[in-house]
Amino acid sequence: MKRLKLGFNKQSKHMKKTKLTSGLFIAPSFVGVSIFFLIPFCVIIYYAFVSSPVNGVFVGFDNFKKVLGNAAFQSAVKNTGVFSAISVPLAVVLSLLLALVLNMKLPLRSQFRTAFLSPMMVPVASIVLIWQVLFHYNGSVNEILMKFGFDKIDWFKSQYAIIVVVILFLWKNLGYNMILFMAAIGSIPQDMIEVARLESATELQIFFRIKLRYLSPAIMFVTIMSLINSFKIFREVYLLTTDYPYDAIYMLQHFMNNKFKNLDYQILSASAIIMSLVMAVIIAILLIGESRFGKDVEG
Amino acid sequence: MCDIISLSTRNFMNEVNILKNKKIIAVLAAMAMMMTSLSGCSGNKDTKESPKKESSVNEGSEFAYVPTVTELTATTDNYNVVGDKAYYIDLSGNNSVEADWEGEAQVVEGTEENEGTEVNEETEATEGNDGADATVEAGEKTAEIGENAEGEEFGDSDDSLNDPLRLKSVNLKDGQEEDVCTLEAIPEGYFNGHIALGDDGSMYLTAYLWGSEEDGAGDDKVFIYKYNADGEIEAHIEFGSVLQSQYVSVAGIAFDSNQNVIVSDSEGNVGVVDKDLNFVTKSQLNADNVFFMGVNEKNEPFIVYSNYDEATSTVTSGMKIFKNAKAGETEDYEDISVSSLNCVSVLSDGTYVLQDYENISTYVPKDNKMEKIVSLLDCDIVSDTVRCFKAWENGDYSIINIDYESGNSSLSYLTKTDASQVVKKEDVVIGTMYSGSISKQAILAFNKQSDKYRVKVVTYLDTDDWSDESYMDAISDMTNAVLSTDGSCPDLMEISLLNINSGSVSDAICDLNEYMDDSFKNNIFESCLAGYNVNGKQLAIPKTFSVETMAGKKDIIGDVDHLSFEDVEALVDKYPDCEIIDYMDQATMLQLFLYFNLDKFIDYSTGECNFDNDEFKSVLKFAARFPEEYDYDSRDSSASKLANGTSLMEMAYLMDFRSMQEVMAHFGTEDVAFVGYPTFDGSCGTFLTTNDALGICENSDSKEGAWEFLKFYLGYKDESSSYGFSSFKDEFEKAAKEACEHEYVKDENGELVLDENGEPIIAEDESYGGVSYEDGWTYEYHAVSEEEVELTKEIINKARPLNLNIIVIQKIFGIISEEVQPFFKGQKSVDDVSSVVQNRVQLYFKENS
């Protein structure tokens, strides 16, 4: 008994030491995450509830009301929502289709894959330059339109600007999503498909009933990544059109970037918190949907 | 059984021991990882401190430099330091008698009445008539005013051509001045300030001779004269031809260790002559502008230079040490990060002590290390007045500076003292864009009279980088400084460049209403205060204001006090061969109509914009009539164009009571209407802009000291740097009265000479300065009349304060300029362009409402 007790005490001490050792290993990363993420996030929350960084007077939800009532913010939310609603599904569907096509035994398959992946390797500044040349008022696209008898379109300074940005987003991100899908397709167990074929299932049935189910985690991941990337399109739009573009492509990050430049940290912080809460809700919904839809998938 | 149990126990213990060892190793590894990751957070002490940035506000200094001032009689601003003394040529007291032909000077007072009359050969030159123009009597040879009978021109009489030069010295420790010797007069050229002294007592001087008007500046000449120890000229050489550069401006002259004489011009051309002034060699250094030439501890000449990169608008400085001047071998040190260098002194250990526009710093070439020692202002020295500098081995400094108003010089000997032994005053720090933004004379005067406070200056602009980005970065740095709570916030800040409409910024600046009493506040023009009043909070008080308006002849634009857009259109249609204003192009016309009329298109209270209305489209269509770029080929100045009617109107900038004299002189008549910039609603487009606005920062530790300085500064009169009308009513009226005062004739005792009516006599040669342009147009100011004062006041009373934030204006004009270009080029319609402008500017105001 004594020996057992001795053994048990030794084990709990052992566990404590193990925990301590593990903690020490985790500590550097934890310190880094705290310094660069957690603490700044707490500072942002503080800024969102005070009147100015100098006086620090608590003002409750005034900053949030100002943000939500700001016409530019509302416009930015609408534009960002519309852009994400168009570009994310398109990015997922088109990249999935591309992956399925390139999964077939086609000639020059690897060359096509490389071609679709190459936009990822191009620096942003070069992408912007290419797009400016193409879609400038005196650019190549308008030249082609005029040859066919159409009028010039001011691509960046009209309602057509959103189309240009969507095309830019798809061109940049299809390759990456396609690779993710190709990897996921490669991991679908072939015996399930063979069984389905033996049982006279059509290709469409195989796709929707088997492949799609197996691809659901990948679809979820690609959707989330595309959603995040859709917010990052600000970078290209900013380089194309600077900080006050035509209002059709004025995004949330334009609003926040400009507030940062104007040193309006309170509004910036409040809008950042609103945006992160919305993102968290959307991703939570997606994750819940995925867990329900794909829970019966093997593995 | 027991053996089995003990064996298993032994095995267990062995495993525990192994596990223990592994844990120890693991813990050590974890600690190493943590220390490695945290080491990146340490301060980098090896980083070279940029000498362009001011030191932090609360930097503790180990030493102070206590000045001992000795007045000097020297009036020159060119010295050559040799050993403990500074040598100079004293030109004061020379008779300025013109004698450019043999015999006695034949000078008679020339007037328009006797022009063309013959020279009276018996007239003697005296001090009373020196510099006067000669004339020729009628009937015989005739001459223009300014020429003698043979038609030869008189030389300039400011610097003596033919008088001996007196070489003097000043002891840089105690200020003792003594005559060294008298040098033979320079036969050709004027002494232009550079001396080198040889070991054998010989002296080398540079002299400059301007080319004639017909020949142009390319015929300017530079001479080097060699004097022996008795002051006699032994040799001379025309150096411009040696260097073969068109515009020779000597930067310095020095000996190398072989007693060769090295002369550099300010464009980086270097010539080497031997001690007898025989040409040895010349070379071209890669240097746009040579600041300074001296000799180091090894008797090697060196130059400090700068290069300007037009593409990036940056200035880089460097140093070249002449290892072997004859062979053209130099040791180069690039990017030594010093701007506006004035003087250099070299210590025996090879340390170069640099005196620039703000500080004294040390530079060690082999380490490429620069270290700021002390700010000149902290030593009660205004850097722009420094004419001579020497660093002593014991860490003391000697500085000769000149008061340009009185012409007097003084020697300041700065003794390095332990800071603990010096009475410490409370620091009041002012933040400015660059050090010239605020009057150093005012700071010096305050520091001297205050027992409690001492003002320091922190600057934010990188003076080596004159790009727009650098300017905007400086504004950001100023804004961040005002908002900072880490002790780096200055006590006072130059407010005019900050976005005071931002809540963060206005919260970071004190309300000056709490400091001003009623009498003080009522003494300030309300329109001056209005520009810095945000929601009732007074953020700054400008020291001075100016008025911007437009003027034109009454017989052309009418006797009106305002101008509308339609009036301008009508003028352009009526006078198609004339320019409305000088430098008229699309951008200028756009600015003319929009800059002062933005409130026509923007309702600042609601943020509502109207750039798609007909007026804006009319402005664009009108501006499109003008060229994209102005043709600058015209040799006529703006003044000449106004006088001859080529230009119809002028943008007038009134900053004192004499300004309108020049405006009227431009038109050649006093019948001038000051109508303001064109407006759309018939109101007067004359605007009031303010200058020198300082505000007290909320995060300041010395608000009382800041207010004390601010009060002093607002009342301080500094003729050399302040401009504009005083924002204070009493000072404004005083200036109006002083402007009307004449210079009167005084007797030898300084008493006024009265006429038969007992009134003082106005001096005929009273002079208030003047202005001239390259095409020969000149104007001499006269005492201001009562009518001119009243007219100026009338214009000021009509002026509206210009409440425009530079950042907002820049943003709006940036958008407009970008969008209108396709319309000006005929690629887009005016409707398309105006709708895009409306969309983008409206977005800006929606975001910032």
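Author: Let us begin with Leu263(A), which lies in the loop between α11 and α12 (265-293) of chain A; helices (H or I, at least four residues) and strands (E, at least two) are DSSP runs, numbered from the N terminus. This is a predicted model, in which local features need pLDDT of at least 70 and side-chain atom pairs count only at pLDDT 80 or more, while totals for chains, interfaces and linings use all residues. Residues are numbered from 1 along each chain as its sequence is written, and chains are lettered from A and ligands numbered from 1 in the order in which they are written.

Reader: What makes Leu263(A) buried or exposed?

Author: A residue is buried if 20 or more other C-beta atoms lie within 10 Å of its own, exposed if 12 or fewer, and partly exposed in between, with C-beta atoms placed from the backbone. Leu263(A) has 22 other C-beta atoms within 10 Å and is therefore buried. Its phi is near 60°, a positive value in a residue other than glycine.

Reader: Where is Thr242(A), and why is it called partly exposed?

Author: Thr242(A) is in the loop between α10 (234-241) and α11 (252-261) of chain A. With 13 other C-beta atoms within 10 Å, Thr242(A) falls between the two limits and is therefore partly exposed.

Reader: What makes a group of residues a nonpolar core?

Author: The term denotes a set of buried Ala, Val, Leu, Ile, Met, Phe, Trp, Tyr and Cys residues joined through C-beta atoms within 7 Å. The largest such core has 216 residues, and those with the most contacts inside it are Val482(B) and Ile495(B). A second, separate core of 17 residues includes Leu96(A), Met178(A), Ile188(A) and Ile219(A).

Reader: How do you know which residues Ile495(B) is in contact with?

Author: Two residues are in contact if their C-beta atoms, placed from the backbone, lie within 7 Å. Leaving aside neighbours within four places in sequence, the partners of Ile495(B) include Ile500(B), Tyr532(B), Leu539(B) and Ala693(B).

Reader: How many residues does each chain give to the contact between chain A and chain B?

Author: Chain B gives 29 residues and chain A gives 27 residues. On the side of chain B that touches chain A, the largest share, eight residues, comes from α19(B). By class, that side has 13 nonpolar, nine polar and seven charged residues; Ala, Val, Leu, Ile, Met, Phe, Trp, Tyr, Cys and Pro count as nonpolar, Asp, Glu, Lys and Arg as charged, and the others, Gly among them, as polar.

Reader: Why are β1 and β22 of chain B said to stand at the edges?

Author: The open sheet has four strands in the order β1-β24-β23-β22 (chain B), with antiparallel pairing. β1 (63-72) and β22 (386-391) each have a single partner strand, so one side of each is left without a neighbour in the sheet.

Note on methods:
Pairing = 2+ DSSP bridges.
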